[in-house]
Every structure is written in structure tokens, then in C-alpha cells.
Amino acid sequence: MTGPFPDAPPPAPRRALEDLLAGAGLPPGLAAGVTLTGSDPVLPSSFAVGTVAQATIAAVAAAAADLWTLRGGRQQDIAVDMLHAAQEYRSERYFTADGNPPGRVWDAIAGPYRCGDGGWVRIHTNFPHHRDGILKLLDCDYSREAVQAALENWRADAFEDAVAERGLVATMMRSPDDWLATPQGAALAGQPLVSLERLGDAPPQPLEPAERPLAGLRVLDLTRIVAGPVGCKALAAHGADVMRIASPNLPFIPAAVTDYGRGKLSAYADLDTAEGRATLAGLLKEADVFVQAYRPGGIAARGFSPEQAAQARPGIVYVTLCAYGYAGPWAGRRGFDSLVQTASGINHAEAAAAGIDGPKELPCQALDHASGYLMALGAIAGLKRRATVGGSWHVRVSLARTGRWLQGLGRVPGGHACPDPAPGDDLFEESDSGFGRLRAIRHAAQLSATPARWERPSVPLGTHPPVWPD
């Protein structure tokens, strides 16, 4: 799409599902075996967040079921309800551990502010080094009032540039048209939603028969915020052995560890040390999928670029997530869902539709969750290619390109009049975990022959040794 974002109503969810499958190089006819119930709006938004949630979750389920038939499994029925899918996009809000709700996710000064020129910016300070850097730049105390007072001396665009120069994270609010007119907005037009490129040669690696679509496949999860952990959680739901690798020296969001850790092993490896890099190298040699969301260039500096991984483990499916895309002047910038929403016009468009001044967020972190499922979709597509034609494969997804897809689906008339529902009891499941008795949203994709489930409980970081299980 090179013109303005459409205002027309979104397409039927099945069309969105078919397009996702085709874009990942999978047969769009797989959508015929999926029952999709519900229609937008299911959450209060002028964007088709329900369609996005339903289509991405269904695409991963359909791809997993397709891979299972390649392993000798039979055709099966799949069903995804739109409201259930949308509530799974907010799963981190609703879980309880021993009856206790998740703790506070957002830092006290994170969020939107009006600058002295009347423009708006959004800052992200959930991690201490980002918070401290913003406070140093503004030379102010740690309070919303102090930050607001300091930003009254800034133009929104100048603040955005100053933040980027220092490797911090904040963006200026733009309209959708203003975003499309930027060099970065224009650069996204030529980038696929899910990029799947051959990294190198390797013989085909057929998959043996198994009880579940991804059983026996090993996934290294080197992600820690939302999108990557959600994508790897989806792979675990279909039977993959997922090992989350965390640094003992980096901060994590507790809610993300508890909820997105379902189905995963969790081990420590400090990649800033020779020992940690050697540990990861050993795990990589026996892995099938390598998922990373380091800042651009960060993982390559530690010896695990896509090319290095493919050389060490021919046949690897390497999955990369970035914030703003893989070309354009912002390709190297750090970013998060909320900041991409602000920069790319989503907050502006939501506010205009709701008739309010200032930024308005989507009712869920749709860019994060959608990107996570797109990463999982690309990983499964890469595994299928490895099994049939061989090769090592590189999957690339970006939050901004996902946002462009969401915006390109059109708008939901009267979307903000939709109630904001709490999930019903029927959407929850309970299990023991490393955090106590966990009550959390169950997976929205229902498969008739290989039900999606998380066999391993979520556990605190570093619970397991960095060794693949037998």
C-alpha cells in the first residue's frame, strides 16, 4: 500500500487469514479448515483489533496443523472465536497467581505529554536505564509533574530526535498521513509483513511422525518484552520445546515472565561473558528455531547474527524482530508497541475517532501480540521449507510493519461505542506454576486432533539448567 490508509470497513476475517497464510508462503486454502466466529468491534477501537487477533492466532494454528499433516498427521478442524482471541491479546492483564493479580506494568512517568509547541510525545521508562536517561536529558525530578514542566521547554520533534541520539525511547505523535510522508513510513511500503529469506544451504530435514505439530522441535527464545515471548509461547502451545534464555543482569517485566512463560523452560546465560556465549553456542547446535529481539546489531556483536547462526547450525530457522523495519533511517532505532502506535498515527487516529484531544492507545498491545504470532507463523513456514527443500531460513517481522498492516485493514464504524468487556470464566484455565496456582487465559485456537496446550508451567527466570531435555 502506497496511498493513504483506507477508511473503509475491514475485510472479512477469513480474507485476512488467507492473506496472512499466502504472505508466509503457505497455501491460503488452509483457511478453509478454520471456523471463525464473531465480528468487529469486540473491543472499543476504530481499528479491526479483533480481526487482527483472530486472524493471526488462526494463521499459526492452521500452519501448525499443516505441518502436522506433513509429519503424517490427519486433517483436523480448527476454530477461533474473535472475542476470545482479542482477550488473549490482553492476557497479561487478567492472570492471577494464588489469587493475586499482576503487579503494575507501567513506570510512574511513562506515557504521553504535551510539549511547548503543542505537539505530543510519548516516553517509555519501564526499564531503569531508559528512565534515568530521560530524566537526565530533561534535567528534572522523577514525577509526572516535573517531566511535564520540563517538556514545556521542548518542541516535540526536537525531543524525539534528542532521545534517539542518546539511544533512549520516545516518539512524537503524528497523524497517519504525516507518518506515511516520513522517510521511514515510506520505507515500510516495500517491506513484507512476514519476510522469509533463505540464509544458506542445508539438506532437507524431514520431520518424523509425532503426536503434536511441533513436538521434538527445539526453540531458543532470546526475547524479553511482549512480542517475542508471545510468539514463542504460541510455538510451545503446539508442542515445541521452548527454552527461554535470559541474562541474570537484565531487568524483566514480572507479568511477562509469569504469563508469557507458560510452556517454556527458563535458563540463564550472560552473553556478555565468554561462558554465556559458549553456553548459547552449544544450545544452538541442537536447536531448530532461534528467536531474538535484541536491539539492531546487538546479537551480531555477540556472535549470533543470522549468518553466524546458519554457519554454526545449518538448517536453523532464525527469527528476528525489530521496531521500525529493516530499511529506512529509523531501522536502527529502539522501540516498543506504545511508541510505534504514537509515531505511526494510530494514537492520533484513535483519538480523532473518539473525539478527544491527545493520544489514544489501542485497547490492547495489538502490535506486540500480532507481531508475536507473525513470528510464530514465519517460524513454522520456515520449518516446512526446511523439511521439504532444505536450507537455513531467516524470518523478519517488525512492529511498525505490523502497524501498517493493521492500519491498512480499514476502520470499524462506531468501534468506540463497543463495551470494554472483561473475559468470562470460560476463557480461563488453572494450573500449578512456579508462582503458585496460576489462573490465566487459555489459548483461543481450538484444534480437534492436537489441542493447543502448555505442558510446562511458567517458572521464575533461570529455573532450569541451560541443557536441552532428552
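Modeller: What follows goes through the salt bridges one by one and then turns to the cysteines, a strand residue and a pair of helices.

Please keep in mind that this is a predicted model, and that the count of salt bridges in it comes to 24. One of these joins Arg174 to Glu160, whose closest N and O atoms are 2.7 Å apart. The two partners lie 14 residues apart and the pair links distant parts of the chain, since Arg174 sits in the loop between β6 (170-172) and α8 (176-181), while Glu160 belongs to helix α7 (residues 156-165). As for their surroundings, buried means a relative accessible area under 20%. Arg174 has 9% relative accessibility and therefore counts as buried, and Glu160, with a relative accessible area of 2%, is buried too.

A second salt bridge is formed by Glu197 and Arg396, where the closest N and O atoms are 3.6 Å apart. Here the partners are 199 residues apart, with Glu197 in strand β7 (residues 195-200) and Arg396 in strand β13 (residues 392-398), and this pair also links distant parts of the chain. Glu197 is partly exposed, its relative accessible area being 38%, and Arg396 likewise counts as partly exposed, at 23% relative accessibility.

Across the whole structure, a search finds zero disulfides. For Cys232, which is in no disulfide, the nearest cysteine sulfur is that of Cys322, and it is 16 Å away; a disulfide would need the two sulfur atoms within 2.5 Å. Cys232 counts as buried, at 1% relative accessibility. Cys322 is in no disulfide either, the sulfur of Cys232 being the nearest to it at 16 Å, and Cys322 is buried with a relative accessible area of 9%.

Another residue to look at is Ser266, which is found in strand β10 (residues 264-268). At 4% relative accessibility Ser266 counts as buried. Leaving aside residues up to four places away in sequence, Ser266 touches Arg244, Val459, Pro460, Leu461, Gly462, Thr463 and His464.

Last come the two helices. Two packed helices are described by the angle between their axes and the distance between the axes. For helix α16 (residues 366-389) and helix α17 (residues 399-408), the axes come within 9 Å and cross at roughly 105 degrees. Because angles from 65 to 115 degrees count as roughly perpendicular, α16 and α17 are described as roughly perpendicular to each other. On the α16 side the contact involves Ala366, Leu367, Asp368, Ala370, Ser371 and Leu374, and these meet Leu399, Thr402, Gly403 and Leu406 in α17.

Conventions: Residues are numbered from 1 along each chain as its sequence is written. This is a predicted model: local features need pLDDT of at least 70, side-chain atom pairs count only at pLDDT 80 or more; totals for chains, interfaces and linings use all residues. Side-chain values use heavy atoms; hydrogens and water are left out. Axes are lines fitted to C-alpha atoms, for helices over the stretch in contact, and angles run from 0 to 180 degrees between N-to-C directions. Helices (H or I, at least four residues) and strands (E, at least two) are DSSP runs, numbered from the N terminus. Angles under 35 degrees count as roughly parallel, over 145 as roughly antiparallel, 65 to 115 as roughly perpendicular and the rest as oblique. Contact means heavy atoms within 4.5 Å. A salt bridge is a side-chain nitrogen of Lys or Arg within 4 Å of a carboxyl oxygen of Asp or Glu. Buried means under 20% relative accessible area, exposed over 50%, partly exposed in between (1.4 Å probe, protein chains only).
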